[in-house]
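Please look over the sequence and the model shown below before reading on.

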Amino acid sequence: MSLLEHFIEKAKQSPKVIVFPEGNDERILSAAFRLSEEGIAKPIVLGNPDEVKSMALRLNLNIDKIKIENPVNSSNLEKYAISYSKSREGISKDIAMKLVKKSLAFGCMMVKESDAYGLVGGVSHATASLIQAAGLAIGYMEGITTASSFFIMVIPNCLGEKDKVLIFADCAVNINPNAKQLADIAVTSARSAKSLLGIEPNVAILSFSTKGSASHELVDKVIEATKLAKSKAPDLNIDGELQADAALVPKVALKKVKDSSVAGKANVLVFPDLNAGNIAYKLTQYLANASAYGPILQGFAKPVSDLSRGASVDDIIAVTAITSIK
């Protein structure tokens, strides 16, 4: 069984209510149909019911089991507007009412108010818009102020393992995180690894330096981020600054690092910026023939996931399954 098949089977054990704010997209509707039919999730599609049903007829999909919610005239509008205005200083109920009529904000409020377990969107909204909507409506995990992303990398025949599984973060959202943001990324990535993969996270915050082998302000940022992350989550196994080989290869770790609980056995790699993270995951994907699942958003108080504009129906189903077990 592949990792993705494992996620889907796990999601089927307890299908969650997932809201899709872009119900006017054929891929979303097709994915919602399959998710419902295969028992992976209980989808709620946002949009004009007449338009959604017309699209379903055109696609020859029976969507009788799928709930369609129209944000513009929903019976939950007032409840959501009141909740939104209470959580955002300076936002009146009238202004909140206008905001939550928009599909992204409405979907996020469904998640906040536990009318849905999670949200999957992004086929027609920019990632920045989705992150902003989720940050304002749902908010962040306790102690976290940074939304970020990670990839699950499955690398064949790597370091003595048939299929080595690693978390790479952040490879899609934060361009040049400061030390505080980098610490947030490390902590949330560790929690993601634990909840999604069921592994004990060993988090390496990466650099071109290992424990003082080089001096530079970029190294200083990683050192500071490591201190902040350890302080923020003393229960987690986090270390830095480490070079990638020292983080991953036991023999190299023995030579380069005198005392580290992470060196040589890292399974969560936190990159110092988006240049490093994005380049690393793409090189690993194509040169090592690795499978890359993501980017998966993290940091929010409740599950929210982003899709690429070019996402296929299979991609949507995969992301939904992952969202359901986050």
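Which unit do β1, helix α2 and β2 make? Together, β1, helix α2 (residues 26-37) and β2 make a right-handed β-α-β unit, where right-handed means that, with the strands pointing away from the viewer, the path from the first strand over the helix to the second runs clockwise. This is a predicted model, in which local features need pLDDT of at least 70 and side-chain atom pairs count only at pLDDT 80 or more, while totals for chains, interfaces and linings use all residues. Residues are numbered from 1 along each chain as its sequence is written, and side-chain values use heavy atoms, with hydrogens and water left out. Helices (H or I, at least four residues) and strands (E, at least two) are DSSP runs numbered from the N terminus, and two strands pair if DSSP finds at least two bridges between them.

**The parallel sheet**

- Five strands make up an open sheet with parallel pairing, in the order β3-β2-β1-β4-β11.
- At its edges stand β3 (67-69) and β11 (304-306), each of which pairs on one side only.
- Neighbouring strands of this sheet are turned by 25° against each other on average, direction ignored; the axes behind such angles are lines fitted to C-alpha atoms, for helices over the stretch in contact, and angles run from 0 to 180 degrees between N-to-C directions.
- Strand β1 (residues 16-20) pairs with strand β2 (residues 41-46) in the parallel sense over five bridges; in β2, K42 stands opposite V17, and P43 stands opposite I18.
- β1 also pairs in the parallel sense with strand β4 (residues 118-121), over two bridges, and L119 in β4 is the bridge partner of V19.

**The mixed sheet**

- An open sheet of six strands runs in the order β8-β7-β9-β6-β5-β10, and its pairing is mixed.
- Its edge strands are β8 (237-242) and β10, each pairing on one side only, and the twist from one strand to the next averages 25°.
- Strand β5 (residues 148-158) is mostly covered, with nine of its 11 residues buried; buried means under 20% relative accessible area, exposed means over 50%, and partly exposed lies in between (1.4 Å probe, protein chains only).
- β5 pairs with β6 in the antiparallel sense over eight bridges; the β6 partner of M153 is L166, and that of I155 is K164.
- These two strands, β5 and β6, form a hairpin with two residues between them, and L159 in the turn has a positive phi of about 50°.
- β5 pairs in the antiparallel sense with strand β10 (residues 291-298) as well, over six bridges, and there S148 stands opposite Q298.

**Aromatic and charged contacts**

- Rings of Phe, Tyr and Trp (its six-membered ring) pair if their centres lie within 6.5 Å, with planes under 30 degrees apart counted as stacked, over 60 as edge-to-face and the rest as tilted; by this rule there are four aromatic pairs.
- F168 and F271 form another edge-to-face pair, at 5.2 Å centre to centre and 65° between the planes.
- This pair links distant parts of the chain, 103 residues apart, with F168 in strand β6 (residues 161-169) and F271 in the loop between β9 (268-270) and α12 (274-287).
- F168 is buried with a relative accessible area of 4%, and F271 counts as buried at 8%.
- The charged end of K16 sits over the ring of Y117, 5.2 Å from its centre; this requires NZ of Lys or CZ of Arg to be within 6 Å of the ring centre and within 35 degrees of the ring normal.

**Cysteines**

- The structure holds zero disulfides, a disulfide being a pair of cysteine sulfur atoms within 2.5 Å.
- The sulfur of C171 is 15 Å from the closest cysteine sulfur, in C158, and that is too far for a bond.
- C171 counts as buried at 1% relative accessibility, and C108 is buried with a relative accessible area of 0%.
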